[in-house]
Amino acid sequence: FGDVITPNDRFFVRWHLANIAHIDASTWRLDVGGDAASQNVQLTLDQLKQDFEPVELVAVCQCAGNRRGLSDPHVAGVQWGYGAMGNARWKGVRLKDILARTGLKKEAMEVAFNGADRAPIDAAPAFVKSIPAWKAMDENTLVAYEMNGAPLPHWNGFPARIVVPGWTATYWMKQVTSIRALSQPLGSFWMNTAYRIPKGKFPVVDRFVSQESDTTTPITEILVNSLITNLADGQRLPVGAAALVAGVAWDGGAGIRRVDVSVDEGRTWATADLGPD
């Protein structure tokens with residue numbers, strides 16, 4: 001994380017289901033439809049690249065469980081440390097342009113995604129996720145086929161994945177095979193039970209209202225985060241000598257106004273110089 005862009009071979013990897021398909025790009029198809037679409041369409045990878053306007057943007061992809069392993073008290077789940085995020089340049093097509101080809105109906109409430117990964121046993125719930133229709137129609141929500149100028153790596157979703165800038169990676173479906181426009185909220189384990197937080201406890205702006213309950217709400221946007229990148233835990237520095245402290249700060253897209261640094265456990269703070277991005 002010393003550089004703004006995270007190289008593909010250093011990018012974190014997270015899957016929910018153990019059977020991760022090796023996909024032949026020539027036979028892959030993206031099936032798009034749903035009860036809130038006027039028609040179903042199937043797209044090849046070549047059609048995705050040739051029939052739609054290409055879009056390229058830089059966005060942070062961060063697992064919703066980043067730093068979970070540092071929680072006290074313990075929280076169940078993958079015990080991530082600091083590294084479950086990365087920043088990449090994604091290239092693909094706008095999801096809203098794909099949905100337009102299906103004749104999206106005004107009744108559309110959510111748009112759901114399914115991928116090619118499968119569980120070892122049939123009893124395990126398929127990893128299916130949805131986002132609000134308004135988020136699906138955001139010009140920055142993509143179906144991406146390139147990452148940092150190269151085809152998506154196998155471990156990061158080849159041949160295509162969903163990119164939802166500003167929202168946590170649980171919605172960034174890898175190896176996407178199906179997109180469904182829904183007139184009703186998606187009912188699935190990964191929406192109704194997993195990836196939920198207490199309602200009203202976090203400064204959430206982009207609420208997912210159709211999936212809210214009386215007590216919980218889905219995780220949505222990335223909150224303000226920062227990371228020191230040039231000093232290691234426990235590293236010793238000479239007394240009296242100036243030391244550079246460098247790092248990165250990121251959020252859900254509103255922007256970072258200021259970064260403050262403390263070297264005395266929070267008693268005093270100094271304002272850092274921000275880079276151009």
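Arg-94 comes out as buried because its relative accessibility is 17%, where buried means under 20% relative accessible area, exposed over 50%, and partly exposed in between (1.4 Å probe, protein chains only). All of this refers to a predicted model, in which local features need pLDDT of at least 70, side-chain atom pairs count only at pLDDT 80 or more, and totals for chains, interfaces and linings use all residues. Residues are numbered from 1 along each chain as its sequence is written, and side-chain values use heavy atoms, with hydrogens and water left out.

Arg-94 sits in strand 4 (residues 85-94); strands are DSSP runs of E, at least two residues, numbered from the N terminus. Not counting residues up to four places away in sequence, Arg-94 touches Glu-53, Val-55, Glu-139, Thr-141 and Leu-142, with contact taken as heavy atoms within 4.5 Å.

Next, the core. The largest nonpolar core has 60 residues, and Leu-30, Leu-48, Trp-90, Val-143 and Ile-179 touch the most other members. Its largest share, five residues, comes from strand 7 (residues 142-147). A nonpolar core here is a set of buried Ala, Val, Leu, Ile, Met, Phe, Trp, Tyr and Cys residues joined through side-chain atoms within 4.5 Å. Leaving aside neighbours within four places in sequence, the contacts of Leu-30 include Leu-48, Val-143 and Ile-179, along with Val-41 and Gln-42.

Among the 20 residues lining the largest cavity, Arg-14, Arg-161, Ala-169, Trp-172 and Lys-174 are the closest to its centre.

Technical notes
Helix = DSSP H or I, 4+ residues; strand = E, 2+ residues; numbered from the N terminus. 1 Å grid on protein atoms, 1.4 Å probe; cavity = no way out; pocket = protein on both sides within 12 Å on 5 of 7 lines; lining within 4 Å.
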